[in-house]
Amino acid sequence: MSQVKPLHYQSTRLPAQPRLMAILNLSIAALLVVGLVTSQWLLGDLPQQMQFDARLVPPSSHHWLGTDALGRELWARTLAGLGLSFWVGSLAAMLSTLIALSLAALATLSRRLDTLVSLLIDTLLSVPHLILLMLIAFALGGGTQAVIIAVAVTHWPSLARVLRAELLQLRQAHYVRISRALGKSRWFVLQAHLLPHLLPHCLVGALLLFPHAILHEAALTFLGFGLSPSQPAIGVLLADAMRYLSGGYWWLGVFPGLGLLLMVLGFERLASHLRRAL
Amino acid sequence: MLTIDRLSLQLPFYASWWRRDWTTCIEAFSLPFSAGEVHAVVGASGAGKSLLAYAIMGLLPPAARLTGQLFYQDQPLDDARQRQLRGRELALIPQSLNALDPLVRIHRQVAWAAQRAGHPSTIAQHSARQALDHYQLDARAQQAFAHELSGGMARRVLTAMAHVSQAQLIIADEPTVGLDPLQRNRVLAALRTLADQGKSVILITHDLRHALPIADQVTIMRDGKQVETASASAFQGTGSALTDAYSQALWLALPDNNFSPDVIRAQEQTPKEANIA
Amino acid sequence: MDVRLITLLIAKRLLRLTLVLLCVALVSFGLMMASPIDPIDAYLGPQMAQVSPEQRTLIAQRWGFDEPPAVQFGHWLRQLVSGDLGWSHVYNQPVSEVIGQRFQRSIALLGGAWLLSALLGFGLGLVAGAKEGSALDRVISTYAYITASTPAFWLAILAVLLFSVTLGWTPTCCAGPTGTLSQEVTLATRLHHLILPVTTLALLGVANITLHTRTRMLELMRSDVATHAFAQGASRMEVAWRHGLRHASLPAITLAFASLGELFGGSILIEQVFAYPGLGQATVAAGLRSDIPLLLGIALFTALFVSVGNTIADTLYGIIDPRIKAGEP
């Protein structure tokens with residue numbers, strides 16, 4: 001029989017090709033990311049440009065997604081908002097992963113620290129995310145930085161749990177113990193054995209956090225605790241749209257949210273494909 | 001009872017990230033199984049024994065590529081007929097003890113098996129109890145959950161589930177794995193009894209030693225190919241009655257093989273085994 | 001498992017619960033202390049400009065703002081234990097009263113959405129998992145994946161746009177018609193105002209339970225248990241019904257209890273969009289207008305609500321699953 005293990009005969013269906021799909025998704029995501037990152041420069045000040053003769057115009061070939069009450073192009077504002085969300089989301093996800101990694105490492109050092117970290121996790125998980133976000137944003141006085149920190153501080157527990165379990169398992173692995181017994185330093189073990197194992201977990205963990213981070217940023221901003229209303233964030237756009245709902249200006253409410261949904265969905269799918277491929 | 005005619009099985013796998021390839025798991029396998037006999041299919045792990053069982057039961061994944069034909073009581077055994085006969089005429093004693101649902105009491109699971117074989121629900125309750133009694137599982141074991149049973153008891157429950165269906169063809173997939181000699185002999189004896197009742201038993205195992213005492217026919221499998229089919233009596237002495245070098249080697253490799261023609265008989269007579277590998 | 005063990009298990013959980021709540025109190029109080037917003041300004045609100053510095057020190061003394069944080073925390077905790085949550089300057093009512101009244105309105109929204117999403121989610125997940133790869137499965141999975149990525153408030157906005165503005169089926173705002181006293185509102189009117197918020201919140205909650213249940217079902221359908229059942233001649237639906245229901249229901253119930261926090265977060269957003277005067281709306285008002293006692297009270301109250309849910313989720317397995325029962329000494 002061939003060296004390659006055939007699919008387990010008990011599974012009743014073929015798995016899709018997870019790796020191929022992951023690559024495909026990765027390239028789409030890469031395109032998206034490049035677009036989002038550069039949108040800030042490409043758009044210039046278009047998202048803020050007012051047109052006094054074209055206020056609250058419905059979508060047309062001239063104004064692709066319509067304009068808002070100040071005559072600003074909705075498509076430009078939506079794109080700029082997605083770009084903002086991307087920045088905030090990715091910074092928060094990275095920060096969150098860093099917190100998760102360090103706390104997981106801390107938890108494996110001693111029993112007492114472990115109980116402490118797990119108590120902290122339980123505490124954070126017992127307050128509804130959104131309320132905790134509001135408290136932290138409130139404590140930090142609002143603004144972009146506050147949102148990033150608030151999202152980062154609230155999203156690490158699930159990843160920390162995974163990493164902690166992984167670390168505990170690794171520490172018991174024979175090759176790690178042998179390496180220690182051979183007199184290798186803690187640092188050597190960490191960078192030669194532990195980190196290469198943990199990095200994929202961290203990457204996938206960060207990617208899984210990312211969509212949540214974006215959604216929570218938008219929600220926080222929508223409620224008025226997040227990014228400042230002068231920025232074209234998706235939450236701001238939708239909070240604005242609320243005032244015009246009964247007037248039938250539907251495009252203001254539909255498109256920014258749709259853009260956010262598509263972006264979150266894209267990254268969500270990418271993350272889960274990557275998780276399956278690794 | 002069951003005839004396999006040039007059966008080949010291929011399963012897909014991913015050779016690289018985008019290339020799908022087929023690996024051959026069973027190749028041109030032909031064999032008759034007769035009623036009243038225990039037919040042992042012996043081979044190392046990965047030889048395609050379990051897949052053979054699944055092919056007969058029609059439980060292969062849809063992606064599997066199957067060629068050749070199966071005949072059950074001289075009628076072609078195709079998908080539709082397999083679906084119809086599964087659990088009624090064809091029964092499988094699975095390899096894994098995980099096949100018992102951990103959340104359902106034993107008696108109820110056996111009753112479900114009886115229901116699936118076509119018994120109405122009240123009769124199924126009754127025949128389940130009977131079957132379990134038959135395999136010496138007391139009332140406490142019948143009301144237990146799977147994790148509360150020993151390995152040997154769980155095996156007997158699985159055998160009872162095959163027994164309760166009144167199936168004529170019973171495939172036992174590695175039924176002796178992980179059992180102590182006493183339990184093993186009990187399970188093997190139960191299979192022998194089923195064959196003596198006129199059923200056809202296919203015993204799939206990697207252990208030639210344990211198969212020989214109860215088998216009538218032995219088929220050696222290797223890498224999905226049929227190496228040799230011989231009567232159990234051919235496995236004695238230096239194995240000169242065997243035609244294939246692999247089966248001879250397999251026979252001679254047994255730890256208790258001291259070139260004495262009486263080895264198997266002796267083994268059969270004493271329940272306490274000389275060799276516990 | 002005997003009663004004593006269950007009692008012990010529950011006692012242990014309750015102890016943990018108390019500890020966690022204490023931590024929540026500490027963390028949220030610490031956050032409030034760290035805030036750059038001056039508590040006296042917040043207390044005064046728009047009257048800030050009319051108050052002299054002498055009066056400010058008086059206020060600070062009266063409320064203990066001039067004391068070190070640890071003393072203030074001890075003071076607050078002592079009050080908390082005696083049942084006094086403080087005074088909400090936004091609503092001009094004791095905090096406990098605000099929370100009580102608001103929660104009464106929210107519970108209809110939360111409870112309705114919770115039940116609906118749990119039942120619907122479980123059913124959809126069961127069907128999708130049992131018929132893996134079928135058209136039905138693809139529709140359900142796609143729906144679940146999309147709603148899992150949908151911003152809650154946006155779905156609410158869409159619902160208002162479609163059903164209230166365009167079709168005019170449901171009211172756009174509040175728990176009852178504006179201008180009428182809450183005592184005069186009939187049950188039918190209340191339900192009419194509730195139906196859209198509840199449905200929106202439920203539709204969002206469905207995704208999680210559906211996907212989770214579906215995963216469980218796929219695991220089961222590929223397990224030895226299912227293969228064995230198929231070998232006995234069982235159909236996919238029979239396996240789903242007999243084995244699947246048992247295997248998937250406990251995780252689904254657990255998840256339903258464990259996701260109370262998310263549900264509550266969703267309700268804040270939904271209440272904001274529908275201007276539904278529940279606890280969520282009060283939270284936003286407290287945060288935006290720096291009503292610190294109310295914010296703290298709500299944080300503690302929701303933490304209690306959520307961690308009771310988490311505790312139930314954790315304890316359920318120990319009591320119901322037969323495998324764990326035997327595992328206990």
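This is a predicted model: local features need pLDDT of at least 70, side-chain atom pairs count only at pLDDT 80 or more; totals for chains, interfaces and linings use all residues.
How many bridges join β7(B) to strand β8 of chain B?

Residues are numbered from 1 along each chain as its sequence is written, and chains are lettered from A and ligands numbered from 1 in the order in which they are written.

**Chain A**

Select chain A and colour by secondary structure. Ten helices and zero strands make up its secondary structure; helices (H or I, at least four residues) and strands (E, at least two) are DSSP runs, numbered from the N terminus. The C-alpha atoms of chain A fill a box of roughly 75 × 55 × 35 Å along the principal axes. Of the 278 residues in chain A, 45% are buried. A residue is buried if 20 or more other C-beta atoms lie within 10 Å of its own, exposed if 12 or fewer, and partly exposed in between, with C-beta atoms placed from the backbone.

**Where chain A touches chain C**

Now show chain C as well. Here 43 residues of chain A are in contact with 53 residues of chain C, contact being C-beta atoms, placed from the backbone, within 7 Å. On the side of chain A that touches chain C, the elements giving two or more residues are α3 (111-126), α4 (129-140), α8 (186-223), α9 (234-244) and α10 (250-277) of chain A. Select α10(A) next: it gives the most to this side, with nine residues. By class, the side of chain A that touches chain C has 28 nonpolar, twelve polar and three charged residues. Ala, Val, Leu, Ile, Met, Phe, Trp, Tyr, Cys and Pro count as nonpolar, Asp, Glu, Lys and Arg as charged, and the others, Gly among them, as polar.

**The sheet in chain B**

An open sheet of six strands has the order β6-β7-β8-β3-β9-β10 (chain B), with mixed pairing; two strands pair if DSSP finds at least two bridges between them. The edge strands, each pairing on one side only, are β6 (90-93) and β10 (225-231) of chain B.

Start at β6(B). L90(B) and L92(B) point one way from the strand, A91(B) and I93(B) the other way, and all are buried. β6(B) pairs with β7 (residues 169-173) of chain B in the parallel sense over four bridges. Zoom in on two positions: A91(B) stands opposite I170(B), and I93(B) stands opposite A172(B).

Move to β7(B). L169(B), I171(B) and D173(B) on one side and I170(B) and A172(B) on the other are all buried.

Last, select β8 (residues 200-205) of chain B. Five bridges join β7(B) to β8(B), and the two run parallel. L169(B) stands opposite S200(B) in β8(B).

Technical notes
Two residues are in contact if their C-beta atoms, placed from the backbone, lie within 7 Å.
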